[in-house]
Amino acid sequence: MLSSVVAEPSLTTRQPVEDLTGDWTLTVDGKTITTPLRSWRDLGITNIASPVLYSKEFTLNAKPAGKRLLLECGRVRDYAKVRLNGVELPARGWQPYRWDVTDALKAGRNVLEIEVRSTPAGRGPAPVPANPTSATSAPAAPRRASAIPTVSGLLGPVGIVASN
C-alpha cells in the first residue's frame, strides 16, 4: 500500500518566492567556472565522468508563513542531488525535479548546491580502447563522424515556490 506517498501540489497553487536565474558557480573536474545555466555541450564540456556541482548563494527576505516551500528545477539532464544549507535531500532521476525545502530554507543567506550527473549517453562518445584488437577488449563500435553529445546539465529554470 502506498499510503506514505504525498501527492504533488497542484500547479495552480504555487506562488514564486525566489527566482534563482543568473550566474551559478560550477565545479567541473576540479575547475571552477561562473556562468548562467546552459548545457554542458554549450560550455564545451563533452566528456566527463564525474558529477558537476552547481552552487548558488541567495538571500531570502522572509519565509512565507504557513506555506510549504519547494525548490523546482525545470530541466535537469539527468540525475540531481540537492544540498541546501548543509541539509542533503534525496536524489532525483526524472521529472518533476522538485524538493520540499521548507525545513532547510531560512530567511537570510542560503547556500544551494545541486550535484548533476549525466547518463553515459550524455557524456559524449566513449573513448576508443588503446588497442581495439586486443583479446581483452571488445572492438570499438563504429562511430559517426558527426556524433554530437546528448544535452546534459542543469538547464533551468530554477526557483523556490510556495505551495498551500
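Student: Over residues 132-148, how many contacts beyond four places in sequence does the model have?
Tutor: This is a predicted model, and over residues 132-148 its pLDDT stays under 50. For that stretch, the contacts beyond four places in sequence number 14.

Student: How many such contacts does the model have for residues 122-129?
Tutor: Residues 122-129 also have a pLDDT that stays under 50. The chain as a whole has a mean pLDDT of 82, with 74% of its residues at 70 or more. For residues 122-129, the contacts beyond four places in sequence number 18.

Student: Which strands stand at the edges of the open sheet of six strands?
Tutor: The sheet has the order β3-β2-β4-β10-β7-β8, with antiparallel pairing. An edge strand has a single partner, so one of its sides is left without a neighbour in the sheet. The strands in that position are β3 (31-36) and β8 (87-88).

Student: Is the pair of rings of Trp24 and Tyr54 stacked or edge-to-face?
Tutor: The count comes to one aromatic pair. The ring centres of Trp24 and Tyr54 are 6.5 Å apart; their planes stand at 80°, and over 60 counts as edge-to-face. The pair is therefore edge-to-face.

Student: How many residues apart are Trp24 and Tyr54?
Tutor: Trp24 is buried, with a relative accessible area of 0%, and Tyr54 is buried at 1%. Trp24 belongs to strand β2 (residues 23-28) and Tyr54 to strand β4 (residues 52-60), so that the pair links distant parts of the chain. Their separation is 30 residues.

Conventions
Residues numbered from 1 in each chain as written. Predicted model: local features only at pLDDT ≥ 70, side-chain atom pairs only at ≥ 80, totals over all residues. Heavy atoms only, no water. Pairing = 2+ DSSP bridges. Helix = DSSP H or I, 4+ residues; strand = E, 2+ residues; numbered from the N terminus. Phe/Tyr/Trp six-rings, centres within 6.5 Å; stacked < 30°, edge-to-face > 60°. Buried < 20%, exposed > 50% of the residue type's maximum accessible area, 1.4 Å probe, protein only. pLDDT = per-residue confidence, 0-100. Contact = heavy atoms within 4.5 Å.
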